[in-house]
Amino acid sequence: MASNTILYLVLSGILALFIALFQYVYKSKFTQLRLILSILRFVAIFSMLLLVINPKFEAVTYYEEKPNLVIALDNSESIAYLKQDEIATQIYNDLSKNSSLLDRFNLEAYMFGNSTSPIDSLDFKDNQSNFSSFFKNYNELYKGQIAPILLVSDGNQTLGNDYLYSAKQNKQAIFPIILGDTTNFSDLRLQQVNVNRFAYLKNRFPVEMIINYSGEESVSSQLRISSGNTVLFSKNITLDNSKASEIINTTLNASQVGVKTYKVEILPLENEKNTVNNYKNFGVEVIDQKTNIALIADGLHPDLGALKKSIESNEQRSVSILKPKEALLKLNDFQLVILYQPNNNFNDLLDAISRIKLNTFTITGNTTDFNVVNDSQVFFSQEITNQSEDFQPTVNTNYGTFIIDNITFNNYPPLQSEFGSVTFKAPEETLLFKRVNGVNIDAPLLSSFEANGQKYALLSGEGIWRWRAQCYLDTDSFSDFDNFIGKLVQYLSSNKKRNRLNLDYKSFYNQNETIVLSAQFFNKSYEFDGNANLQVTYKNNDTNETKTLPLLLKNASYRIDLSSIKPGDYSFTVKNQDEPVSSSGRFKVLEYNVEQQFLNADVTKLNSLATSTNGKSFYSNQINNLVDSLLNDTRYATIQKSKRSTIPIIDWKYLLGLIALALSLEWFIRKYNGLI
């Protein structure tokens, strides 16, 4: 407490005592009654002066902090397939209700499969095992805390980064509880099939197959690729303990446009226990043309490589990076030109583009000559200030030209562009708004529009390569950003007449993929209609089973998740129930359950995980040993901590009660004794 505060308290005590004695003792006969009244008056006045001075006191409180104990339970289909679901549920119940663990730890329980969530009910129906999703969330929640993990799993991962790497980020001990049979059986397995999603008509496309073998004896089998009842490729293979895998490459002929499905099969061994992992179906969409795109720039920039990678992530598109003079000689070969930071060297090229009416995507930045850009067309004009500014993106959720999926741009780095407004002289639709220092300024960063039979897009900023990098940091994949750029390019490169009902779907899916059908509906003025009554009727052409479901509105599109449907060939129709507007399509779902590819628990990997994190692995029948090990582990002792806080006396509510009590007693005593 400060010395001046102590001085004020002493003076307040003297003043309160002086007032009390002056009122009840000065020039009066001293009696016991007056002494009591003096004390009550002193207490009341001194307490009120304390509230005025409001001194502060330091208080120290002690509390015990128990370490966290995180139970992470694998909720994927492989647990049920290995007949470990009941055992896993029993382990969770035993651990979560163990009184010794509850006394020693703060227990938190999560389940993971496709994603991670707190445990509410276990069903073991997730069609993927995404360990990295759990560890990513865990590392964020328990960073800097003591939080060992009890990992209840078979150790078989099907999605995400390798968990041996992900688990080491927070340097916590992990105690795997191994589920599944640990007995080794002879097993042939089709580990992986690598093939492009698209192929070109009358070309041959490559197929790579990886075969694994677990066992001691030498075995022989045959690998086949078939389409329908026709065997297109076969090869005899021999594997043993010293040669436990083989990579086989071949090429197949793309002879017909459309989706072609194939089956790769390794003939099973005699008495092989798991034959589900001996085959895999894959599909290839055969196309007869490729979209050619010219990316035209007068210099080098990382944006060029990022754009080329994003656009060519879809094999249907090809990007050529050209100088303006080179592009001028080849313009008729392209369906879309991307003009990256035009300058004086683009003059002839811009005239030619306007003359042949090519769709364009213009990207401006610090080296753009805006006089050239403004003079080359009449649809928009950039204010020239010769100053630059950093602009972050904000998605326009009401954008209706095409469907935007997944990507949010919430924490994406800014693009650098000319400081000044863009004036559009044609009806435009903003896809991304500008944001400066977290404030939306209602100015377009990325826009699209149509005029004179051409499609245009304008991105006011350079540095888009940082967006692709940020996408990978956020999702461990470039796919969300690549899909975003791909849809923009698909819209710009197409000259098809705009329909009132547009569908977005893939031509084929694997069984474990998320199958989402998206649609956009426009009114007669081609404005997005958020009140449409859309329904999809889909039919399994193999079983003739038909079902009708409604599409739900999400942002600027209607969607339905069909991930639960069975493998097969499907046709569907999306129809507006209020108007005679409909659109149809077809897709295939290829049979492949990745969670049924495993015969055993991955004991080796789980033991390696325990060793590398200073933990210890246990089998499902060793739960008591696990509990004893945790309780006797000196790393997880309860810690006593202290908390020092400064408390102002005005927050002490009992002081107000003391003032009220003193004044009330004083009044009552005086009243009782006739002094009032």
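**Aromatic contacts**

Trainee: Is Trp 467 buried or exposed?
Mentor: Its relative accessible area is 1%. The cut-offs are under 20% for buried, over 50% for exposed and partly exposed in between (1.4 Å probe, protein chains only). So Trp 467 is buried.

Trainee: How many aromatic pairs does the structure hold?
Mentor: This is a predicted model: local features need pLDDT of at least 70, side-chain atom pairs pLDDT 80 or more, while totals for chains, interfaces and linings use all residues. Residues are numbered from 1 along each chain as its sequence is written, and side-chain values use heavy atoms, without hydrogens or water. Rings of Phe, Tyr and Trp (its six-membered ring) pair if their centres lie within 6.5 Å. The number of aromatic pairs is 32.

Trainee: Which class does the pair Phe 18 and Phe 22 fall in?
Mentor: The ring centres are 6.1 Å apart and the planes at 20 degrees. Planes under 30 degrees apart count as stacked, over 60 as edge-to-face and the rest as tilted. So this pair is stacked.

Trainee: Where do Phe 18 and Phe 22 lie?
Mentor: They are four residues apart, about one turn of the helix. Helices are DSSP runs (H or I, at least four residues), numbered from the N terminus. Both lie in helix H1.

Trainee: Is Phe 18 buried or exposed?
Mentor: Phe 22 is partly exposed, at 48%. Phe 18 has 54% relative accessibility, so it counts as exposed.

Trainee: Which class does the pair Tyr 412 and Trp 467 fall in?
Mentor: The centres are 6.3 Å apart. The planes stand at 65 degrees, so the pair is edge-to-face.

Notes:
Helices (H or I, at least four residues) and strands (E, at least two) are DSSP runs, numbered from the N terminus.
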